[in-house]
Amino acid sequence: CLKSEVKKMLKLQILNSEGTIVDSERFQALKLSARDCIAIYRFLLMMRLFHEIANREATLDHFTLYIGPRGQEAAEVGSAYALLPQDDILFYARSQAPAFVRGVPAKAMFEYFYSYGNAPPHVIDEFITRNVYPPYTAVGIHPPHAVGVALAHKLKGEKNIVSVAYFGDGAMAQPDLYSAINWATIYRVPALFICENNQYAISTPNDLQSAVPLYQKTIGCGLPTFLIDGNDPFAMYDATVMMRRTIVESSYPGALIAETYRMGPHTNAVGAIIPLSQEETNEAELNDPLTRIRLFFLSSQAKLFLGLKWDEEKDSALRASIESKLKNEMSAAFKNAVLIRTEGLKTIARNVSINTQPCLRKKYRNIQPTPSPVVKDVSPRDAVNLLFLDALGYDPDIVCLGQDIGRAGGVIRTSALHQRFVDEFFPHLE
């Protein structure tokens with residue numbers, strides 16, 4: 001009964017499953033050039049071929065865990081192509097395409113999976129230097145991070161930057177996501193939540209995860225929301241451009257719900273737990289995002305709208321070029337991974353100096369007495385108190401958030417120093 005009462009949102013679509021532009025006016029308004037469209041297609045192909053190569057590596061046990069995006073490439077590429085270089089990308093391990101669109105080398109992504117997720121510093125740098133945060137595998141944990149990053153930009157007065165969190169429909173059943181959305185709306189931070197609704201969280205379909213369509217959840221949380229055909233890269237590009245503009249102009253978060261399909265098992269470790277019907281599998285193949293854009297490239301519409309003359313020869317050449325490059329990068333990454341495993345941590349370790357005295361001395365060096373490096377007879381709560389005082393006193397960029405944070409100290413007073421503690425160690429501290 002509840003589902004029947006929900007107002008159905010129209011799904012944004014520009015390119016249908018047959019490779020036909022169904023809204024020519026909207027497509028032309030995107031002002032995508034032939035070069036742009038070829039770049040989008042190249043990233044889609046790159047993701048599909050990366051998936052195929054990575055899957056082979058997983059079967060050889062070179063990857064302990066591989067999470068493939070086959071079928072979801074358009075949702076990832078179309079949205080990421082619409083972002084600006086300064087925008088932050090926080091993605092989950094299945095959503096690899098945004099990193100590639102931003103310029104992260106395939107070698108770095110291969111090394112990430114070869115290292116079981118514990119990537120060495122030079123790999124992490126390949127992500128961070130491009131405003132891309134390294135991927136995660138735990139469900140729904142990055143949206144709060146995206147909100148924190150967006151809030152930092154806002155507090156620093158930085159404009160025209162959006163922090164983007166990519167996640168799957170499984171995250172829509174996790175409390176972390178709703179905490180993130182709640183914070184984002186309360187503090188009006190420039191965060192964009194992109195849900196790749198691939199219909200299944202491991203083996204659990206949408207109708208067993210949620211009593212209402214997922215877009216109703218984000219709307220109910222106060223987020224402006226677009227529902228998009230997630231297998232249509234042009235619709236994803238259009239929706240992202242519009243929502244990004246809205247977020248920047250209003251300094252208020254937004255959401256995109258991309259309806260797509262995961263064409264394969266959840267991970268190589270889990271496999272296909274529940275076999276899908278042949279009918280569902282056939283429908284997924286017909287909706288393959290790679291198929292629809294390839295059909296469009298070969299159609300008269302591509303010539304009409306883009307002046308693009310594409311043929312099977314060009315298509316095969318592009319595929320062969322991407323595959324050759326990916327195999328070379330995979331080979332280089334594998335050699336590096338073997339070296340790291342053979343040599344151990346000494347190949348990736350950094351020299352870390354541990355302060356023998358608290359950083360607190362730098363801030364409060366004129367206050368006497370100052371605490372010794374070891375403060376005796378304290379409870380775990382006292383230790384957290386000192387940590388807060390040390391960190392907040394040393395780094396002005398740290399922001400502490402929570403219920404009754406500050407003078408009240410929170411429910412168990414972990415962010416406010418006890419009077420006894422102050423009297424003993426900081427008698428002159430205001």
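Student: So where does arginine 188 sit?

Tutor: Arginine 188 is in the loop between α9 (175–186) and β4. Keep in mind that this is a predicted model.

Student: OK. What's its phi?

Tutor: Positive, about 50°, although arginine 188 is not a glycine. Most residues other than glycine have a negative phi.

Student: And how exposed is arginine 188?

Tutor: Partly exposed, with a relative accessible area of 40%. The cut-off for exposed is over 50% and for buried under 20%, so 40% falls in between.

Student: Where else is there a positive phi?

Tutor: Lysine 31 has one, near 60°, and that residue is not a glycine either. Lysine 31 is in the loop between α2 (24–29) and α3.

Student: Buried or exposed, that lysine 31?

Tutor: Lysine 31 counts as exposed, because its relative accessibility is 73%.

Student: What about the length of α9, what span should it have?

Tutor: At 1.5 Å a residue, the twelve residues of α9 should span 16 Å. The end C-alpha atoms are 17 Å apart, which agrees.

Student: Switching to the sheet. What's the strand order?

Tutor: The order is β2-β1-β3-β4-β8-β7, an open sheet of six strands with parallel pairing.

Student: Which strands are at the edges?

Tutor: β2 (132–136) and β7 (225–229). Each of the two has a single partner strand, so one side of each is left without a neighbour in the sheet. From one strand to the next, the twist averages 15°.

Student: And which helices lie on the sheet?

Tutor: Among them is α7 (residues 121–128), which packs on the sheet and touches β1 and β2. The direction of α7 makes about 120° with that of β2. Then there's α8 (residues 142–155), lying across β1, β2, β3 and β4 (191–197). The angle between α8 and β3 is about 175°.

Student: Let's zoom in on β1. How many of its residues are buried?

Tutor: Five of its five residues are buried.

Student: How many bridges join β1 to β3?

Tutor: Three, and the two strands, β1 (residues 88–92) and β3 (residues 163–168), run parallel. On the β3 side, alanine 165 is the bridge partner of leucine 90, and valine 164 is that of isoleucine 89.

Student: And what's opposite leucine 90 in β2?

Tutor: Tyrosine 133. β1 and β2 also pair in the parallel sense, over three bridges.

Student: What does tyrosine 133 touch?

Tutor: Leaving aside its neighbours within four places in sequence, tyrosine 133 is in contact with Asp88, Ile89, Leu90, Phe91, Ile128, His142 and Val149. Tyrosine 133 still counts as partly exposed, at 29% relative accessibility.

Student: How far is tyrosine 133 from alanine 146?

Tutor: They are 9.5 Å apart in space, C-alpha to C-alpha, and 13 residues apart in sequence.

Student: Last topic, the nonpolar core. Which residues touch the most other members?

Tutor: Phe50, Phe193 and Phe234, in the largest nonpolar core, which has 102 residues. Helix α3 (residues 34–59) gives the most to this core, with 15 residues.

Student: And for the whole chain, how many helices and strands?

Tutor: The protein chain has 19 helices and eight strands. Of its 430 residues, 48% are buried.

Note on methods: Residues are numbered from 1 along each chain as its sequence is written. This is a predicted model: local features need pLDDT of at least 70, side-chain atom pairs count only at pLDDT 80 or more; totals for chains, interfaces and linings use all residues. Side-chain values use heavy atoms; hydrogens and water are left out. A nonpolar core is a set of buried Ala, Val, Leu, Ile, Met, Phe, Trp, Tyr and Cys residues joined through side-chain atoms within 4.5 Å. Buried means under 20% relative accessible area, exposed over 50%, partly exposed in between (1.4 Å probe, protein chains only). Helices (H or I, at least four residues) and strands (E, at least two) are DSSP runs, numbered from the N terminus. Two strands pair if DSSP finds at least two bridges between them. Axes are lines fitted to C-alpha atoms, for helices over the stretch in contact, and angles run from 0 to 180 degrees between N-to-C directions. Contact means heavy atoms within 4.5 Å. The expected span of a helix is 1.5 Å times one less than its number of residues.
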